Amino acid sequence: MKELKDILIKRPGFWFYQIAGWIIFLIYDFTINIYPDNPKLEINLISGWLMFLFFGFSISIILRYIYKKLYKINQNLWKTLINIFLASVIAGFFWLVCRELSMFFTGLRSLDYFFTGVPGNIHPIFKFIGSLFFLTWPMFVWSLLYFGIKFRTDLLDERLRYDESQKLAQKATLQMLRYQLNPHFLFNTLNSIQGIMYHDIKLADKMLTELTEFLRYTLRDNEKVFVPLKKEIEIIEKYLLIEKIRFNEKLKYQFEVSSFAREIKVLCFLLQPIVENAIKFGMKTSPN
C-alpha cells in the first residue's frame with residue numbers, strides 16, 4: 001500500500017496533463033501543418049496560429065467543467081461516448097469560429113494553411129465540414145484522455161480507500177483480541193502470584209516482573225498492526241516463562257526460529273492465542 005500512496009502523492013494533476021498535452025499538439029501541428037507549407041514563418045501567420053491554439057486551450061478548459069458534471073452521472077459506456085462525441089463537435093465548431101476571429105485580428109485572408117492537401121476550389125460546405133472535422137478530432141482525443149485519466153485516478157483513490165478500510169478493520173480486530181486476551185491472562189497470572197507469594201517471594205517477584213514486561217509490550221505496540229517476528233517471540237518467551245512458573249515441570253517448550261524468519265513482519269499478537277490455546281488444551285490432552 002505504500003507504493004500506492006507514493007503514486008497518489010506524486011501523481012500529476014489536471015494542469016500538468018493539460019499543458020503537456022497542448023504542447024505536444026502544438027509541436028505536432030507545427031511540424032505537420034504549419035512549417036511544411038510556410039517555411040518562412042510570417043509574423044501574422046504565427047501570431048494567428050498561436051491565437052488559434054490559445055482558443056483551443058481555453059475551450060478544452062470549459063469542456064473540463066462540463067465533463068466533471070457529466071462524469072458524476074451514472075451512464076453506460078455508449079451514452080458517455082455519444083455525449084463526448086457531441087460535446088467534441090460543438091467544441092470544434094466554437095473553435096472554428098474562434099479561428100476565424102484570430103484570422104480577422106491578425107489580418108489573414110486565406111485559410112489554406114489549415115487545409116494541407118485540400119484543393120482550393122472545393123465546395124464551401126465540404127470545406128466547412130472538413131475544417132470542422134480537423135478541429136473536432138483533437139477535442140475528441142482530449143475528451144477521451146480526460147475521461148481515461150480521471151477514471152484511472154478514481155480507481156487508485158478507491159483502491160487506497162479500500163486498503164485503508166482493511167487496515168482499520170485489522171486494527172479493530174487486533175484491538176478486540178487484546179481486550180479479550182489481556183484480562184484472561186492477567187487474572188490467571190495474578191491468581192498464581194497470590195498462590196505462591198506467601199511461600200516464595202522471589203518467585204512471585206519474578207512473575208510480577210515478567211507480567212509487567214508483557215503488559216508494557218501490549219500497551220507500547222498498541223497502534224502497530226505488523227511487528228517483526230522476533231518481537232512476537234520475545235513477548236511469547238515472557239508469557240511462557242510465567243506459565244512455566246505456574247505449571248512447573250508440566251510445561252516444556254523450545255524455540256526453533258531462523259535468523260531470517262525473525263526479521264519477517266507478522267500481525268501483532270498473532271502468536272499469543274495460538275500458544276495460549278496450545279497450553280490450555282495441551283494440558284488436557286497430553287499424558288504428561
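Good morning. The structure is a predicted model, in which local features need pLDDT of at least 70 and side-chain atom pairs count only at pLDDT 80 or more, while totals for chains, interfaces and linings use all residues. Residues are numbered from 1 along each chain as its sequence is written, and side-chain values use heavy atoms, with hydrogens and water left out.

I begin with the helix itself. Helices here are DSSP runs of H or I with at least four residues, numbered from the N terminus. Helix 2 covers residues 14-34, which is 21 residues, and it reaches 28 Å from its first C-alpha to its last. That is close to the 30 Å expected at 1.5 Å a residue, where the expected span is 1.5 Å times one less than the number of residues.

Which residues of helix 2 are buried? They are Phe14, Gln18, Trp22, Phe25, Asp29 and Ile34. Buried means under 20% relative accessible area, exposed means over 50%, and partly exposed lies in between, using a 1.4 Å probe and protein chains only. Seen down the axis of helix 2, the buried residues fall within an arc of 90°, so they line one face of the helix. The arc is taken from the directions from the helix axis to the C-beta atoms. On the face turned away from the buried side, helix 2 carries the exposed residues Phe16 and Ile24.

Let us now consider Trp22. Trp22 belongs to helix 2 and is buried, with a relative accessible area of 12%. Contact means heavy atoms within 4.5 Å. Leaving aside neighbours within four places in sequence, Trp22 is in contact with Leu53, Gly56, Phe57, Ser60, Trp95, Met139 and Trp142. One of these, Phe57, is 35 residues from Trp22 in sequence, yet the two are 7.1 Å apart in space, C-alpha to C-alpha.

Ser60 is found in helix 3, residues 43-72, and is buried, with a relative accessible area of 0%. A polar contact is a pair of N or O atoms within 3.5 Å; within protein, one must be able to donate a hydrogen and the other to accept it, and residues adjacent in sequence count only if both atoms are side-chain atoms. The side chain of Ser60 makes such a contact with the side chain of Gln18, at 2.7 Å, and the side chain of Trp22 makes another with that of Ser60, at 3.3 Å.

Rings of Phe, Tyr and Trp (for Trp, the six-membered ring) pair if their centres lie within 6.5 Å; planes under 30 degrees apart count as stacked, over 60 as edge-to-face and the rest as tilted. By this rule the count is 19 aromatic pairs. Phe25 and Trp95 form a tilted pair, 6.2 Å centre to centre, with 45° between the planes. Phe25 lies in helix 2 and Trp95 in helix 4, residues 77-106, so the pair ties together parts 70 residues apart in sequence. The rings of Tyr28 and Trp137 have centres 6.1 Å apart and planes at 90°, so this pair is edge-to-face. Here Tyr28 is in helix 2 and Trp137 in helix 5, residues 124-196, 109 residues apart. Tyr28 is partly exposed at 38% relative accessibility, and Trp137 is partly exposed at 31%. Ring pairs link Trp15, Trp22, Phe25, Tyr28, Phe52, Phe57, Trp95 and Trp137 into a cluster.

Thank you for your attention.

How values were computed:
Helices (H or I, at least four residues) and strands (E, at least two) are DSSP runs, numbered from the N terminus.
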